[in-house]
Amino acid sequence: MEYFELTFFCPREMYRAVMDAIIKSRLANLACTADNTRFDVLDGEGTDYTALRVCLGNLIFTKENCARMIGRLSRYVSAVYREIKEISFATGIYELTGYYCRRKQSLTELNRDFMRKFPLAFYRTGEDFSPGITAFTDGNVTCIFHEGAQNLW
């Protein structure tokens, strides 16, 4: 099964509170069940951040449903952002988060160039973000779609 990774990046010391908020937020809005959802922590030794992944199985993007799926993901991210102010940002990609995060030791290394590798990047509304197409905004979260990144469909 291929998993879509929705990953939240936060300062290392905040990961337990962020994990609780991620689990508490309504995964049902993403049409996910316990059978096809798993949680994972990328916590490299010597890093100042933790990446918490929500791995969503059977989350299929098509050209026809792309806007709807991005809206669902964005609303979920927005709910988590409302719970935890310390989350720096979130990303969405099929199964490459760990690969892109290797050798990154600090949140400051996860900059615009890093973010453009992900098809979806979620920022708090009003924050400076990587260039791309604004796919969703709700006053709390802005989702940027990077056309040159991994193809979602």
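Let's start with strand 3 (residues 49-57), which is largely enclosed by the rest of the structure because 9 of its 9 residues are buried. Buried here means under 20% relative accessible area, exposed over 50%, and partly exposed in between, using a 1.4 Å probe and protein chains only. Strands (E, at least two residues) are DSSP runs numbered from the N terminus. This is a predicted model, in which local features need pLDDT of at least 70 and side-chain atom pairs pLDDT 80 or more, while totals for chains, interfaces and linings use all residues. Residues are numbered from 1 along each chain as its sequence is written, and side-chain values use heavy atoms, without hydrogens and water.

Both faces of strand 3 are covered, with Arg 53 among the buried residues on one side and Val 54 among those on the other. Its partners come next; two strands pair if DSSP finds at least two bridges between them. Strand 1 (residues 3-11) runs antiparallel to strand 3, joined by 9 bridges, and Phe 9 stands opposite Ala 51. Strand 2 (residues 37-42) is also antiparallel to strand 3, over 6 bridges, with Thr 37 opposite Leu 56.

Now for the cysteines. A disulfide is a pair of cysteine sulfur atoms within 2.5 Å, and the count comes to 0. The sulfur of Cys 10 is too far for a bond, because the closest cysteine sulfur, in Cys 101, is 12 Å away. Cys 66 is in no disulfide either, with the sulfur of Cys 143 nearest at 8.9 Å. Cys 10 is buried at 0% relative accessibility, and Cys 66 is buried at 9%.

Notes: Helices (H or I, at least four residues) and strands (E, at least two) are DSSP runs, numbered from the N terminus.
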